[in-house]
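Subject: Structure handover and notes

Dear colleague,

Here is the structure for your files. My notes on it come after the display.

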Amino acid sequence: MLNKAQVRYCLDTMGEMFPDAHCELNHSNPFELVIAVALSAQCTDVLVNKVTKDLFQKYKRPEDYISVPVEELENDIRSIGLFRNKAKNIQKLSRMLIEEYGKEVPRDRDELVKLPGVGRKTANVVVSVAYDVPAIAVDTHVERLSKRLGLCRWKDSVLDVEKTLMAKIPKDEWSVTHHRLIFFGRYHCKAQSPRCETCPLLEVCREGKKRMKRKEAN
């Protein structure tokens, strides 16, 4: 596990590498963000943005999503994985926002996770990006990098990773670190082909050192 100085080094280095890291899901309000994040489960942001370009033109309010048959909504998001389940959840979510939240997306994470299709990760993204509440959403990139670098233990659950990162990273850096970890994982330390040879974090990365040693042995 990294010590305090090494954690600081990682945060600063990722900040230098990705000073403009941000949410890459296109949206113009909290409601669109909830829909976009819900659609992004097991799907790339690039594909979600392609779909939401037309989707957000057709459906602007929760009422719009429940005014059509679920089959029509399914067809509108058909290119996205799990589209049937996601369409069903979007309609349930929209109905709940109308009936219980005055058509507004809740600002509280505990309320957000009550919405169909909204888990802890989605809720953390929404409160962080839409409402500027410090949060660390642990997606596949954040989990992978946290474990490779030694910010967390290999056996940690997703919730363990979130709690450990919150304990090790200053609160005012939670949200930006979440985005930087995603950028680092998406564009540098990829799942299948991490760029260990040119990585500025190699000297503190336990996984990177192992990979380089194996490479040298071969």
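Conventions

This is a predicted model, so local features need pLDDT of at least 70 and side-chain atom pairs count only at pLDDT 80 or more, while totals for chains, interfaces and linings use all residues. Residues are numbered from 1 along each chain as its sequence is written, and side-chain values use heavy atoms, with hydrogens and water left out. Helices are DSSP runs (H or I, at least four residues), numbered from the N terminus.

Helix α1 covers residues 4–17, 14 residues in number. From first C-alpha to last, α1 reaches 20 Å, close to the 20 Å expected at 1.5 Å a residue; the expected span is 1.5 Å times one less than the number of residues. Its buried residues are Val7, Cys10, Leu11, Thr13, Met14 and Gly15. Buried here means under 20% relative accessible area, exposed means over 50%, and partly exposed lies in between (1.4 Å probe, protein chains only). The cover over the buried residues of α1 includes α9, α10 and α11, where contact means heavy atoms within 4.5 Å.

Helix α8 (residues 120–131) has 12 residues and a reach of 16 Å between its first and last C-alpha, close to the 16 Å expected. Buried in α8 are Thr122, Ala123, Asn124, Val125, Val126, Val127, Ser128 and Tyr131. Among the elements that cover them are α2 (30–39), α7 (109–112), α10 (158–168) and α11 (174–187). Asp132 follows α8 and has a positive phi, near 60°.

Aromatic pairs

The search of the whole structure gives 5 aromatic pairs. Rings of Phe, Tyr and Trp (its six-membered ring) pair if their centres lie within 6.5 Å; planes under 30 degrees apart count as stacked, over 60 as edge-to-face and the rest as tilted. One of the pairs is Phe31 with Tyr65, edge-to-face, at 5.7 Å centre to centre and 75° between the planes. This pair links distant parts of the chain, with Phe31 in helix α2 and Tyr65 in helix α4 (residues 62–66), 34 residues apart. Both Phe31 and Tyr65 are buried.

Phe183 and Tyr187 are also edge-to-face, because their ring centres are 5.3 Å apart and their planes stand at 70°. Both residues lie in helix α11, 4 residues apart, about one turn of the helix. An α-helix has 3.6 residues a turn, so residues three or four places apart point the same way. Phe183 counts as buried because its relative accessibility is 9%, whereas Tyr187, with a relative accessible area of 35%, is partly exposed. Phe18, Phe183, Phe184 and Tyr187 form one aromatic cluster.

Cavity and pocket

Both terms refer to a 1 Å grid over the protein atoms alone: a cavity is a set of points where a 1.4 Å probe fits but cannot get out, a pocket is an open set with protein on both sides within 12 Å along at least five of seven lines, and lining residues have an atom within 4 Å of a point. Grid points are joined across faces, edges and corners, and a volume is the space filled by probe spheres set on the points.

The search of the whole structure finds 1 cavity of 30 Å³ or more. The largest cavity holds about 100 Å³ of space. Its lining has 15 residues, with Cys189, Pro194, Cys196, Cys199 and Cys205 nearest the centre. The elements giving two or more residues to this lining are α9 (140–149) and α12 (206–217). By class the cavity lining divides into 9 nonpolar, 2 polar and 4 charged residues. Ala, Val, Leu, Ile, Met, Phe, Trp, Tyr, Cys and Pro count as nonpolar, Asp, Glu, Lys and Arg as charged, and the others, Gly among them, as polar.

The largest pocket has a volume of about 540 Å³. Of its 27 lining residues, Ser40, Asp45, Lys121, Asp139 and Arg186 are the closest to the centre. Two or more lining residues come from each of α3 (45–58), α8, α9 and α11, and α11 gives the most, with 6. The pocket lining has 12 nonpolar, 9 polar and 6 charged residues.

Positive phi in loops

Gln42, in the loop between α2 and α3, has a positive phi near 55°. Gln42 counts as exposed, at 74% relative accessibility. Leu82 has a positive phi near 60° and sits in the loop between α5 (70–76) and α6 (83–100). Leu82 is partly exposed, at 49% relative accessibility.

Regards
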